[in-house]
Amino acid sequence: MERIEPRSSFVNVNGIRLHTLDWGGHGAPIVILHATGFLGRIYRPLAERLRAIGHVYSYDQRGHGDSSAAPDGEYSWDATMRDLGGFIAAMGWSGVRAVGHSAGATAIGSLASERPDLISRAVLAEPVIFESPDAPELGWSNPFIERTLKRRRIFDSVEAMCSNFENKPPYNTWRKDILRDYCEFGTRPTSDGKRELKCAPEVEAKFYETARDFDGLGRILRCTSPLLVMFGARGDSLGASLSGKVAEQLKNGRVIDVADAGHFLPMEKPDYVADQAIEFLK
C-alpha cells in the first residue's frame, strides 16, 4: 500500500492547540486516538486502511507530539476525555466512529458512554481499566512512573534511537516501520543536531499518576454505543485480566482476545487490528 502523507493543521480545544492530521478517505469521519507517551502519526498503517470506510483523522493529545502543553499543567485522564469531546465538537461533527489505543481507548469508550451523541461506535484496543483505585490491575502504575521519569530523552539521531529501541521491550515486538515513525516523528531536533522526545517524561508520568482517579471500566461497561474491545493475551497486557468481566457485562458489543499480542497490539498486529476495525465500523 502506498504511504499516505497526512495534512497537518491545528485546532484550539480547551486552551490547547491540538495538532491534527487529516489522512484523507471518503465518508463519515473516523478519529484515531493514541496511547500515552506517543502521538497520532505512528498509527499510519491503521489510518491508511481505515480510509476504505471513512475520512480518517488523528491528533496529538495535550503535551504530546506537536500539540501545545497544558497552560494549567493539567495532565489527567479526565482532561484527555474532555479534549476528545472538544475536538469532535470543534470539527463540527457528531456521531463519529473512533479507534483508540491504551489510554486513548479508555478516553473513547468513556466519552462514548457519557456523550453517545458524539461517538456512535468505537474500537478499543487494549483500554487501560481497573476495578477500583486500589485494584491489583493498577500494579503497573508505580513502576511505569519510575521508569518513565528515568527514560532517556536525547538521542544522537533517528537512526541511533531506532537501533537503541529495536531489541528492547516493548519496542522489539513492534513492526519496524511503526517504530521508525515513532523515532522520527516522536522526536524533534535539538540545537546541537540531536533528537529529543516530544512528549516530556514528566508529562507522561503525570498521566500515569492520575490513572487511579478515572473510572474507565465503569464508563465502558455502562456505554450503550456499540464497542469492540480488543485485548492482547500476552502477559504485558494492562487489561486482559478483566477481559472476561468486560465480555460478560458490556451492554452493547463484544470482546476479542488476541493470541501472541500484548499491550502494543496496534504496533504488533496493525493489519489484524485494521481488519477487525473495518468489519466493525463499516
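This is a predicted model: local features need pLDDT of at least 70, side-chain atom pairs count only at pLDDT 80 or more; totals for chains, interfaces and linings use all residues.
Residues are numbered from 1 along each chain as its sequence is written, and side-chain values use heavy atoms, without hydrogens or water.

I looked up the angle between α4 (residues 141-149) and α7 (residues 201-209): about 175°, with the axes 9 Å apart. Axes are lines fitted to C-alpha atoms, for helices over the stretch in contact, and angles run from 0 to 180 degrees between N-to-C directions. Helices are DSSP runs of H or I with at least four residues, strands are E runs of at least two, and both are numbered from the N terminus.

Next, who touches whom (heavy atoms within 4.5 Å)? α4 brings S141, F144, I145, T148 and L149, and α7 brings P201, E202, E204, A205, Y208 and E209.

Then I turned to the sheet. I found an open one of eight strands, ordered β1-β2-β4-β3-β5-β6-β10-β11, with mixed pairing; strands pair if DSSP finds at least two bridges between them. β1 (7-13) and β11 (253-258) are at the edges with a single partner strand each, so one side of each has no neighbour in the sheet. The twist averages 20° from one strand to the next.

I also checked β3 (residues 29-33) and β4 (residues 55-59), which pair in the parallel sense over five bridges. There, V31 stands opposite Y57 in β4.

Technical notes: Contact means heavy atoms within 4.5 Å.
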